[in-house]
Amino acid sequence: MNSTGLIEQDLMAEQSVLGAIFLEPEAIDEISFLEDRDFLSLQHQQIFRVMKWLNKRNKPVDLVTVANMYVQHNKLEEVSISYLTQLAESCPSAASIVSYAKIVRSKALRRRGAVIGQQITELSREDFETDEEYFSAVESLVAELRPQDDSQMRSFAETRQEYFKHLLTKAEFVPTGFKQFDEWAHGLWEGWLFISAGRPSVGKTAMLLQRCIGVAQSGPVLIWSQEMDENQLKDRIISNVAGIPYNRIKNKDLTVQEYARLEDAYHRLEDLPIHIKDAAGITINEVRSTAKRIRKKYGKLAMIAVDYLQIMKIPQKKGETRAQAIGNVTREAKAIARENKCCFMMLSQMTRESENFRKPQLSHLKESGSIEQDADVVEFLWHDPNDTHPQGKVVQQFIAKGRDVGINEFRLLFRGWKQQFAELEKDE
């Protein structure tokens, strides 16, 4: 069949959908998955928009009301009354409207796929700073292909088998290596957005890296570092694992014995699926595409970690505040955690006002509104000068928000000389 015949078939399916709605207006609620853009004909797109507008306002959707909308807005030169009447008479029954609508959507997806294919070809001629930016641009185009709303409400009866399969599947929590925290929260949960914020010099990055070592026992961990390069992170991790003073590693002032311990620690770390990328101004799309690729390679992810949120490359649309733009990123981070069934951990800055308070509060998160709303867990690390310990600095770990676990506090001993945290007992 030639292209003209195919187009005629597409238009007939569209006419059948619109005619079925004229025949039985309530049928429009059965095809909520259909979008305006799915119609090939611009006339049909506009008619469908009018129908949805009327239905949304609980007005009757029939030949009279639709035609009246065109009369009121002087649009009869675009769609004639006779054509609307023809549509109303074109469908003998509304019983098959879902089938007609699925045909319309399927045809639309293939048309959009062809257009996006051309756009991807054009992208290959653009000058991207990195390959990751090119991949992100391609994936953004492909994401536009997917229907915007293909959700369907389901009843208990329809999902019984799926639910009991869920109950019989062992709950998968990812241990962090911090015994008290793991016993209380059962480790990190799939789909969590975990925000970790702290005052200067409390060891936020050291805490993140120690968690990464613990979590990597359960699966791949991806670390994005925007302020330190890869070797600086490795210096800190090696110090933690080998117990060699961080300054000696940093200054490359190692004894023969320490170098041997360092090699042994590095060998143990090679067995862990920890992946590091040092790059300033990463985008959330880059994180998504990399996570997808690594998950495909290993079959799963345990944790994504970004150090830190506020210095990511965060697009800000016209008229949008900085806080709103950050909110777009935290929502995407939460979605990435759910898509990959892993924990997404982000370090975050705190406001200057927080320095005037003894104990941090949720409002002390910089650009706090969306961060606080989207996060499953918000943790603050802070130092109480009145709480001391002979072996090192005492850091208070305050879980200020825990969507599934509640709030709690822990005392941590930070031995900064080897970038290592240890939990303290309450009375220790």
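Two strands count as paired if DSSP finds at least two bridges between them; helices (H or I, at least four residues) and strands (E, at least two) are DSSP runs, numbered from the N terminus. The views below show a predicted model, in which local features need pLDDT of at least 70 and side-chain atom pairs count only at pLDDT 80 or more, while totals for chains, interfaces and linings use all residues. Residues are numbered from 1 along each chain as its sequence is written, and side-chain values use heavy atoms, with hydrogens and water left out.

**View 1. Strand β6 and its neighbours.** Strand β7 (residues 343-348) pairs with β6 in the parallel sense over four bridges, and in β7 the residue opposite I304 is F344. Strand β4 (residues 221-225) also runs parallel to β6, joined by five bridges; here W224 has V306 as its bridge partner. A right-handed β-α-β unit is made by β6, helix α14 (residues 322-340) and β7. Right-handed means that, with the strands pointing away from the viewer, the path from the first strand over the helix to the second runs clockwise.

**View 2. Side chains of β6.** Buried means under 20% relative accessible area (1.4 Å probe, protein chains only). Strand β6 (residues 303-307) is largely enclosed by the rest of the structure, because five of its five residues are buried. M303, A305 and D307 point one way from β6, and I304 and V306 point the other way. In a regular strand, side chains alternate between the two faces of the sheet.

**View 3. Helix α3 and its ends.** The buried residues in helix α3 (residues 63-72) include T65, V66, A67, M69 and Y70. At the start of α3, a side-chain oxygen of D62 comes to within 3.2 Å of the backbone nitrogen of V64. Just after α3, N74 has a positive phi of about 55°.

View 4. A cavity is a set of points on a 1 Å grid over the protein atoms alone where a 1.4 Å probe fits but cannot get out; lining residues have an atom within 4 Å of a point. One cavity of 30 Å³ or more is found in a search of the whole structure. The largest cavity holds about 30 Å³ of space, the volume being that filled by probe spheres set on the points. Its lining consists of A206, L209, Q210, I213, R236, I237, N240 and Q419. Helix α9 (204-215) and helix α10 (230-242) each supply at least two lining residues, and the largest share, four residues, comes from α9.

How values were computed. 1 Å grid on protein atoms, 1.4 Å probe; cavity = no way out; pocket = protein on both sides within 12 Å on 5 of 7 lines; lining within 4 Å. Buried < 20%, exposed > 50% of the residue type's maximum accessible area, 1.4 Å probe, protein only. Polar contact = N/O pair within 3.5 Å; in protein donor to acceptor, adjacent residues only side chain to side chain.
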